[in-house]
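Biologist: Thanks for sitting down with me over this one. Could you walk me through the fold, one question at a time?

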Amino acid sequence: MATFPPPDLLSSRQVVIVTDQILSPANFLLHRTLASHFKDHKDARCIVLLVSESISRWNAIASRATVNLAALIESQALRFLDMVKDIQPHLGTDDSTRSTLIRSLLQEQGDAQADQPTLILLDDISTLEWMGYATNELVKFLRALSILARKGNASLVVRHHVITPDTPDVLFRFLLQLCTYHIDVRPLSSGRSGAVNGEISLYRGPSNGTAHVKTTPRQRAVQYRLTDATAVYFEKGTGQAVL
């Protein structure tokens, strides 16, 4: 049975978009991504760009997964940046200023070694748009961020909220063109269920090069149920088996 994120999804220089909807928020998947990154790699580094969740929330969820965020922050393996306070004022500046700012995210943690897997996680791009930033400014920001992530041998994960699933907005369409993989978290088409919270699909993006992670199309989407500490995954129609 597939789990998310797949173990080999976040290999170097991947750009992964995670989409969710109001009835199926993907917060659990972002927290799982952070925990897996540090558990799977001894010398891992991570930069989390915060928009919609506080550090205290990240710390509370990580502790349930036995990940010590305080120790990671102290060792400078993990860095949190508040997008509203630290990054947002620079989104509308010229490309040179924006690129210099983003580049510093990697440099402030020291020069990455080839064997130090690095992850940049942007927990919510949509809210910045709802706060008033123009779509073209966010597109420039995301493009610069993805370029510098690749240059820094880092993987980039960006979460985007889908409001109109049948009519993709401009930002969603750009992210789909930018990504190497797309993880789509949706509510059940049949409606709410006590045994199932939603379903997850995985697609290969147009920017995919040599990566060959097994995809999961929507017709074979993996269903999930959230618990206090994690998510349980199962094939469609087998939810009762895990209760």
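Biologist: Let's start with strand β4, residues 118–122: how many of its five residues are buried?

Modeller: Happy to, and please keep in mind that this is a predicted model. In a regular strand the side chains alternate between the two faces of the sheet. In β4, T118, I120 and L122 point one way while L119 and L121 point the other way, and all are buried. Strand β4 is therefore largely enclosed by the rest of the structure, and the number of its buried residues is five of five.

Biologist: Is L50 buried or exposed?

Modeller: L50 is in strand β2. Beyond the residues up to four places away in sequence, L50 touches I55, W58, F80, L81, D82, M83, V84 and D123. Its relative accessibility is 7%, under the 20% cut-off, so L50 counts as buried.

Biologist: What distance separates the C-alpha atoms of L50 and L121?

Modeller: L50 sits in β2, and L121 is one of the buried residues of β4. The two are 71 residues apart along the chain, and their C-alpha atoms are separated by 8.5 Å.

Biologist: What about S126: which residues is it in contact with, leaving aside neighbours within four places in sequence?

Modeller: S126 belongs to helix α6, residues 126–130. With a relative accessibility of 1%, S126 counts as buried. Setting those sequence neighbours aside, its contacts are R159, H160 and H161.

Biologist: And T216, buried or exposed?

Modeller: T216 is in the loop between β7 (198–204) and β8 (222–226). Apart from neighbours within four places in sequence, T216 is in contact with F4, I200, S201, L202, A221 and V222. Its relative accessibility is 10%, so T216 counts as buried.

Biologist: F4 came up there, so let me ask about rings: what is the angle between the planes of F4 and Y233?

Modeller: The structure holds three aromatic pairs. F4 and Y233 form a tilted one, with 6.0 Å centre to centre. This pair links distant parts of the chain, with F4 in the segment before β1 (15–20) and Y233 in strand β9, 229 residues apart. Both are buried, and the angle between their planes is 55°.

Biologist: Where does the lining of the largest pocket come from, and which element gives the most to it?

Modeller: About 450 Å³ of space lies in the largest pocket. The elements giving two or more residues to its lining are α1 (27–40), α2 (55–64) and β9 (231–234). With eight residues, the element that gives the most is α1.

Biologist: How many nonpolar residues are in that lining?

Modeller: The pocket is lined by 25 residues, and F28, H31, I61, A229 and T230 lie nearest its centre. Five residues of the lining are polar and six are charged, while the number of nonpolar ones is 14.

Biologist: Now the backbone: what is the phi of T66?

Modeller: Most residues other than glycine have a negative phi. T66, in the loop between α2 and α3 (69–74), has a positive one although it is not a glycine. At 66% relative accessibility, T66 counts as exposed. Its phi is about 55°.

Biologist: Last one: what is the phi of N153?

Modeller: N153 lies in the loop between α7 (135–151) and β5. Its relative accessible area is 29%, so N153 is partly exposed. N153 is not a glycine, yet its phi is positive, at about 60°.

Conventions
Residues are numbered from 1 along each chain as its sequence is written. This is a predicted model: local features need pLDDT of at least 70, side-chain atom pairs count only at pLDDT 80 or more; totals for chains, interfaces and linings use all residues. Side-chain values use heavy atoms; hydrogens and water are left out. On a 1 Å grid over the protein atoms alone, a cavity is a set of points where a 1.4 Å probe fits but cannot get out, and a pocket is an open set with protein on both sides within 12 Å along at least five of seven lines; lining residues have an atom within 4 Å of a point. Grid points are joined across faces, edges and corners, and a volume is the space filled by probe spheres set on the points. Helices (H or I, at least four residues) and strands (E, at least two) are DSSP runs, numbered from the N terminus. Ala, Val, Leu, Ile, Met, Phe, Trp, Tyr, Cys and Pro count as nonpolar, Asp, Glu, Lys and Arg as charged, and the others, Gly among them, as polar. Buried means under 20% relative accessible area, exposed over 50%, partly exposed in between (1.4 Å probe, protein chains only). Contact means heavy atoms within 4.5 Å. Rings of Phe, Tyr and Trp (its six-membered ring) pair if their centres lie within 6.5 Å; planes under 30 degrees apart count as stacked, over 60 as edge-to-face and the rest as tilted.
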